[in-house]
Amino acid sequence: MIEITVDGMTCTSCATHVKDVLEKISGVKTASVSYLESRAQVIADAGASRDQMLAAIAALGYRGAFEKGASKRGSGGMTATDRNGSHLHIAVIGSGGGAMAAALKAAELGAQVTLIERGTIGGTCVNVGCVPSKIFIRAAHIAHLRQCSPFDGGITASVPVIDRPALLAQQQARVEELRHAKYEGILDGTPAITVLHGEALFKDGQSLIVRMNDGGERAVAFDRCLIATGASAAVPSITGLKDAPYWTSTEALVSDTIP
């Protein structure tokens with residue numbers, strides 16, 4: 001049995017997602033995952049790739065590590081080194097799920113990593129996408145059930161009073177909790193990854209200039225660079241739109257009033 005410590009899980013759904021991705025790896029027969037114990041137990045063939053297991057966990061935003069004494073057969077001895085055997089320096093621009101997975105994998109293989117983020121650590125999903133939108137939708141569903149449900153014949157329906165500022169505070173508290181658990185806390189606990197808060201500009205093919213958010217500039221030399229800056233809302237070219245108040249999903253999720 002292979003035992004993997006998995007940091008960053010906060011609920012049974014997290015554990016289910018980890019179990020699902022592990023069991024999709026070739027050679028893995030079954031996986032048992034507990035978020036309370038922060039552990040995955042995997043039964044797999046001898047040839048199953050341990051690196052794929054860690055990469056699959058990292059792609060979900062968690063940090064996996066084989067417990068002491070566990071074998072890493074199947075890694076092929078791969079390390080992040082150049083032709084002279086020196087450890088590579090990897091620059092990663094962005095801090096969402098893809099950037100995190102790449103940074104953690106590079107660090108695991110021995111590289112020194114500089115991760116650069118000009119905004120909030122964590123990218124779209126945890127900050128302005130999956131997490132807040134699901135909380136928003138769930139609250140709307142509960143409000144709907146209180147005034148209309150299949151049991152109205154025996155349970156008196158009522159029109160709920162919506163306190164949007166209170167719901168928003170609850171939503172953002174959960175966002176901050178998960179951002180720390182799945183991103184900030186993991187980065188803080190990985191010495192091989194240095195985080196710079198600022199905007200990255202290419203100076204040439206092997207170096208960046210980072211305009212720091214708190215002032216000044218930092219030069220970052222790299223052997224490899226990953227641009228993982230994600231996407232932003234596309235605003236259509238409609239006459240007068242830029243002069244009118246409009247929302248993208250980002251504004252909708254953080255509004256403290258109901259339109």
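## Charge and surface

The chain carries 24 positive and 25 negative charges, whose mean positions lie 5 Å apart. In this count Lys and Arg are positive and Asp and Glu negative, with His and the chain ends left out; each charge is placed at NZ of Lys, CZ of Arg, CG of Asp or CD of Glu.

The accessible surface of the chain is about 15,000 Å², and 54% of this belongs to carbon and sulfur atoms. The areas come from the Shrake-Rupley method with a 1.4 Å probe.

## Basis and confidence of the model

The model is predicted: local features need a pLDDT of at least 70 and side-chain atom pairs a pLDDT of 80 or more, whereas totals for chains, interfaces and linings use all residues. Residues are numbered from 1 along each chain as its sequence is written, and side-chain values use heavy atoms, without hydrogens or water.

The pLDDT, the predictor's confidence in each residue on a scale from 0 to 100, averages 89 over the chain, and 93% of the residues score at least 70. Over residues 70-76 the pLDDT is below 50, and this stretch has 13 contacts in the model beyond near neighbours in sequence (contact: heavy atoms within 4.5 Å). Where pLDDT is low, the predicted coordinates should not be read in detail.

## Overall architecture

Seven helices and 10 strands are present in the chain. They are DSSP runs numbered from the N terminus, with at least four residues (H or I) for a helix and at least two (E) for a strand. Along the principal axes, the C-alpha atoms fill a box of roughly 70 × 50 × 30 Å.

Of the 259 residues in the chain, 34% are buried. Buried means under 20% relative accessible area, exposed over 50%, and partly exposed in between (1.4 Å probe, protein chains only). Among contacts with a separation of 6 or more, 59% are between residues 24 or more positions apart.

## The aromatic pair

The structure holds one aromatic pair (ring centres of Phe, Tyr or Trp, the latter by its six-membered ring, within 6.5 Å; planes under 30 degrees apart are stacked, over 60 edge-to-face, the rest tilted). The ring centres of phenylalanine 202 and phenylalanine 222 are 6.2 Å apart and their planes stand at 85°, so the pair is edge-to-face. The pair links distant parts of the chain, 20 residues apart: phenylalanine 202 belongs to strand 7 (residues 193-204), and phenylalanine 222 to the loop between strand 9 (217-221) and strand 10 (224-227).

Phenylalanine 202 is partly exposed, at 47% relative accessibility, whereas phenylalanine 222 is buried, at 6%.

## Backbone at serine 38

Serine 38 has a positive phi of about 55° although it is not a glycine. Most residues other than glycine have a negative phi. Serine 38 lies in the loop between strand 2 (28-34) and strand 3 (39-44) and, at 24% relative accessibility, is partly exposed.
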